[in-house]
Amino acid sequence: MSVRFALLGHGLWGAHHARAIARTPGAELVAIAARTEAAAARASHPTAVVVADWRACIARADVDVVDVVLPDDMHEEVAVAALEAGKHVLLEKPMATTLAGCDRILRAARAAGRVLCVGHELRLSSQWGAIRGLLDAGRLGRPLHVFVSLWRRPYRGGSEGWRYDRARVGSWLLEETIHYLDLALWYLESLGPPVAVVAAGNSKGREPGLYDNFSTLIRWPDGAHATINQTLAGFGHHQAVHVVGTAGSVRATWSASMDRTRQATALVEVLEGLTGHERFDVGEPSVLPLAAPSGELYELEAEIAAMVDAVRTGRPFMPPEAARRAVAVCLAAEESARTGREMALAV
């Protein structure tokens, strides 16, 4: 029997969600809440019921999963309402714009006994997930350092320009940087929770939190650390991830003219067998073959398939508590950038 989805939001990214649901085996798109793109939703998905009010979708008896692709400031209210209506929830990141909001959603999921998944889709990537696979297999030794760099063109505005409205987006750290903070936390998960974060950011005259350029350093107790550098005022879409361990290192890159494309250059190179006393010539890295193409659209399709499996097994594809942790580190990093002080973490 198909897992039946209601999609809340049919803007640029919501439309990609709709297509991914429609093409995923075992998933069925039965309803769409689209306030400004209703005509496009009906034309693209004629078998789905299209309504303006998201509340009508979560009240439907023929819906198993509510897929929330709405502005950040709506995540808490909508996720809680869907869980209280007895639905499983797939929630775009961030989980919420505040920790109190995250905690309210987690309580609602526990009370309802329903699956809650948050869309940190990079964890489902053939490319970025391959790095975690190397770490889990011990091929890099104990991790010491993670470096993530993003260079991209400015944001699309979103419906009614919500992504440039601080009251709605919360912070661009929650909109984009959270992906890369979550990767770092995931890669260094075996070391336990981080202890501190320090950050700096600037922009072309935007209000605090809407940083065009942002850098942050996250520290772990034993000296391991992660650095995330992000520029939203560049061109194209180019991401790099470097991980160094006691026995190996890996370098991965993804590059394309834009983020939502199937035409990208993706590479993972790994050098193993390091001893800690390398000479200048340490050998050549090998190219790690990818099990599937890499990119945001592929990862979204993997996310929908993972949600179908999560409903059937009762196990989320990532712990929702990890999504809360990513929000906590983002908020601490923003406070550090605002005050110029290192912030202690309790996550």
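**Residues and helix packing**

Trainee: Leaving aside neighbours within four places in sequence, which residues is H237 in contact with?
Mentor: Contact means heavy atoms within 4.5 Å. With the neighbours within four places in sequence left aside, H237 is in contact with L150, W151, R152, Y180, W254, S255, A256, S257, M258 and D259.

Trainee: What kind of model is this?
Mentor: Residues are numbered from 1 along each chain as its sequence is written, and side-chain values use heavy atoms, with hydrogens and water left out. Local features need pLDDT of at least 70, side-chain atom pairs count only at pLDDT 80 or more, and totals for chains, interfaces and linings use all residues, this being a predicted model.

Trainee: Is H237 buried or exposed?
Mentor: H237 is found in strand β11, residues 237-245. Helices (H or I, at least four residues) and strands (E, at least two) are DSSP runs, numbered from the N terminus. Buried means under 20% relative accessible area, exposed over 50% and partly exposed in between, with a 1.4 Å probe and protein chains only. The relative accessibility of H237 is 7%, so H237 counts as buried.

Trainee: Which residues does S286 contact, its neighbours within four places in sequence aside?
Mentor: S286 lies in strand β14, residues 286-287, and is partly exposed, at 37% relative accessible area. Its C-alpha atom is 8.8 Å from that of E272, 14 residues apart along the chain. With the neighbours within four places in sequence left aside, S286 contacts V268, E269 and V270.

Trainee: What is the relative accessibility of E160?
Mentor: E160 lies in the loop between β7 (143-152) and α7 (166-169). Its phi is positive, about 60°, although E160 is not a glycine. E160 counts as exposed because its relative accessibility is 60%.

Trainee: What is omega for the peptide bond from K93 to P94?
Mentor: P94 lies in the loop between β5 (88-91) and α5. The bond from K93 to P94 is cis, with omega near -5°.

Trainee: How are α5 and α10 oriented to each other?
Mentor: Two packed helices are described by the angle between their axes and the distance between the axes. Axes are lines fitted to C-alpha atoms, for helices over the stretch in contact, and angles run from 0 to 180 degrees between N-to-C directions. Helix α5 (residues 99-112) and helix α10 (residues 320-339) pack at about 175°, with their axes 10 Å apart. Angles under 35 degrees count as roughly parallel, over 145 as roughly antiparallel, 65 to 115 as roughly perpendicular and the rest as oblique, so α5 and α10 are roughly antiparallel.

Trainee: By class, how many charged residues does the contact of α5 with α10 have?
Mentor: The contact is made by L99, C102, D103, L106 and R110 of α5 and P320, E321, R324, V327, A328 and L331 of α10. Ala, Val, Leu, Ile, Met, Phe, Trp, Tyr, Cys and Pro count as nonpolar, Asp, Glu, Lys and Arg as charged, and the others, Gly among them, as polar. By class the contact of α5 with α10 has seven nonpolar residues, no polar ones, and charged residues numbering four.

Trainee: Which residues does A326 contact, its neighbours within four places in sequence aside?
Mentor: A326 lies in helix α10 and counts as buried, at 0% relative accessibility. With the neighbours within four places in sequence left aside, A326 is in contact with H120, I178, D182 and L185.

Trainee: What is the handedness of the crossing of α6 and α8?
Mentor: Helix α6 (residues 128-136) and helix α8 (residues 172-187) pack at about 20°, their axes 10 Å apart, and are therefore roughly parallel. A crossing is left-handed if the near helix is turned anticlockwise from the far one by less than a right angle, and right-handed if clockwise. The crossing of α6 and α8 is right-handed.

Trainee: Which residues of α8 meet α6?
Mentor: On the α6 side are W128, G129, I131, R132 and L135. They meet, in α8, L183, W186 and Y187.

Trainee: Which elements do the buried residues of α6 pack against?
Mentor: Seven of the nine residues of α6 are buried, so α6 is largely enclosed by the rest of the structure. The buried ones are W128, G129, A130, I131, R132, L134 and L135. They pack against β7, α8, β11, β12 (248-256), β13 (265-272) and α9 (296-313).
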